[in-house]
Amino acid sequence: MKYIDEYRDIRLIRALEKTIRREAIGSYIFMEVCGGHTAAIHRFGIPSLLPPNVTLLSGPGCPVCVTPVSTIDRTIELASQKDVIITSFGDLIRVPGSVSSLEKEKAHGADVRIVFSALEALEIARASKGKKVIFLGIGFETTAPGTAAAIIKAKESGIRNFFVLSAHKIMPPAMEAIICDGTEINGFICPGHVSTITGSKGFRFISEKYNLGCVISGFEPVDIMMSVLMLIKQVNNHKFLTEIQYSRAVTVEGNLKAQKIMDEVFTLASNEWRGLGTIERSGLKINDKYSAHDAEKVFSLKGLSENLRENTSCLCGEVLRGRKRPTDCRLFAGVCTPDNPVGACMVSAEGACNAFYKYRRNG
Amino acid sequence: MDEFITLNHGSGGRLTGELIREMFATRFGMNEPFTDSAIANIKGREMAFTTDSYVIEPIFFPGGNIGKLAVCGTVNDLAVAGAIPLYLTASFIIEEGFPVKDLITIVESMAQEAKNAGVKIVAGDTKVVEKGKCDKIFITTTGAGVIRDGCSHIGTAVKVKPGDRLIINGPVGNHSIAVMGARKQLSFTSQVVSDCASLNHLINRVLDTRCEVHFMRDLTRGGLATVLNELSAMTGMGVEVEEDKIPVDEPVKGLCEMMGFDPLYLANEGKVLIVVPPEECDKVMAAIRSEPSGEKAEVIGIITGNKNKMVIVKTLTGGTRILDMHSGIQLPRIC
């Protein structure tokens, strides 16, 4: 298939493997901050193609994983309210909250539905007069424009029973938080789909301010190997740039229409990330203009905090910060499996623990 | 066992297996291996029995409907056990207010598919429930057939040996994608049609060759990955497949790339995995390819002597990876 086969060409991969081995004269740690990359890296067995002095580390790139327990708890609280239908991207319903999960609440009778997009949730609202349909908006710049579009459409079409609980986040502040946290890395494999929206310009401050390599990568093995090589060269030359490897999809400016829709609906606000805590200006809050569709404003939610509980043995937070690897966790593959996940990173197909479990098991 | 049943228990993956073993088999006194049909000896004749309930949203989709599915699925469960399917029963649970014209369409396609497959629908039952007590229509079909001579081992995998070849009769994933398209979940139209088909003629053609067939199972909910894992667990042997040999139609491949699905986990309704000794492989392949539902058949892998009961995929990049049972339903990427 065009745009797939050539990026899985075994001869190209072998050539890149050879060049990487030749160029990798020091020690390198690169972090990927996109759940899609995490899944692809393990699915294609990229670590086995790299020399031991080139390490790939997963960061806070999985939307389900970085959604904190407090958001799950709030959604569960909303699900218990009368005439409420919760709509969510699928994986999220399995993430354990403090005492329950949306999946368990659904089995107990809460109306929780899996949707593929915010617009699908809007259609449910249109068809469910007398019900209040709340979409749990998670994800980065990839999913946020879709949520924004649904909110605009709801307002325009007068669908008053559609609400969004926005837990949307943007990626660059989290990358900065990782750097300031002191995680030792030499560069980032920057997210591919996020960058189709934001363009490469959103990451430039990282290479300029922190002297770290940034390469926006595609999702095929040739893409990832090539991005690793580009990062190695940046480190070797001490010349740190924000480069685009994924040039068939990403531009410097990004998707201006999607950016405009996001600006129309959202404002930057501080936001809580699992593992990273609260990060200034990293979340997308719904503007006052659309407050009639903002679940935070429309529904009364009890104060949280006291009963927040996460399994203290779970290393999800540390894994998301790049401090630990999934196999460092003593729950991994024993107590915590995809069937019986303890932490969010084992739930989502884009989570590091899930990818390790699925494709590698033994690290 | 969990405290409550969740949707994941019905996904056809690991949790479904756990439910069958720990809940039903222990209490009903059923023994492994769990096969698609049970075999009973009645007055010296080996008979196969099976039953299946069909719930699908939407009930009409490109390539079929719930009625056609209810016939094909049960016919296939009999055929892969080495049986000649003969009789079906059909039970309907219908929601009040269901349009009669839709029921006519469904029942007529059941009659047509039964005719195609050469089976008779001989008994049935109907219940109508209040609105909201079921979703439009649920159908349960039960099937009976006669085991072909010397074929009762086929569902149990007892004859499977290292070196055996794995054959699949065509591209995987079409049913899942067709249904998702009909649910309007893909946000664009696709021309993918469900592979929903009765496989008994194809299977008969294979068994008529008199070649040794060591195992057969139809691929349904959990896709190829699940059947390969079941085979590995049943035999205690390793299974190795080559990713680039597994047929996937271009539109399905494209949609999978876009949505982040793995076609090996997508549902099928007209695909069967056939395991044969290497020396019989060409002859069996020729028989399969001579049938319309087997034209795109491929040899996809091999049984290895490896005792670690794992399914290994040789990837396109020359590496290997584990192909595990899937937990829960597949979901589109959001990152």
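Buried means under 20% relative accessible area, exposed over 50%, and partly exposed in between (1.4 Å probe, protein chains only). The model is predicted, so local features need pLDDT of at least 70 and side-chain atom pairs count only at pLDDT 80 or more, while totals for chains, interfaces and linings use all residues. Residues are numbered from 1 along each chain as its sequence is written, chains are lettered from A and ligands numbered from 1 in the order in which they are written, and side-chain values use heavy atoms, with hydrogens and water left out.

**Exercise 1.** Classify B:Arg205 and B:Glu291 as buried, partly exposed or exposed, and describe the salt bridge of this pair.

*Solution.*
1. B:Arg205 has 37% relative accessibility and therefore counts as partly exposed.
2. B:Glu291 has 13%, so this residue counts as buried.
3. A salt bridge is a side-chain nitrogen of Lys or Arg within 4 Å of a carboxyl oxygen of Asp or Glu. In the pair B:Arg205 and B:Glu291, the closest N and O atoms are 3.2 Å apart.
4. B:Arg205 sits in helix α5 (residues 200-208) of chain B and B:Glu291 in the loop between α8 (281-289) and β12 (298-304), so the bridge ties together parts 86 residues apart in sequence. Helices (H or I, at least four residues) and strands (E, at least two) are DSSP runs, numbered from the N terminus.

**Exercise 2.** Find which chains the salt bridge between B:Glu257 and A:Arg8 joins, and state whether the two residues are buried or exposed.

*Solution.*
1. The closest N and O atoms of B:Glu257 and A:Arg8 are 2.8 Å apart.
2. This pair crosses between chains: B:Glu257 belongs to helix α7 (residues 250-259) of chain B, and A:Arg8 to the segment before α1 (10-23) of chain A.
3. Both residues are buried.
4. Over all chains, the whole structure holds 38 salt bridges.

**Exercise 3.** Describe the surroundings of A:Thr183.

*Solution.*
1. A:Thr183 lies in the loop between α8 (171-180) and β7 (187-190) of chain A.
2. With 9% relative accessibility, A:Thr183 counts as buried.
3. A polar contact is a pair of N or O atoms within 3.5 Å; within protein, one must be able to donate a hydrogen and the other to accept it, and residues adjacent in sequence count only if both atoms are side-chain atoms. The side chain of A:Thr183 makes such a contact with the side chain of A:Arg323 (3.4 Å).
4. Beyond neighbours within four places in sequence, A:Thr183 has contacts (heavy atoms within 4.5 Å) that include A:Met31, A:Leu57 and A:Gly322.
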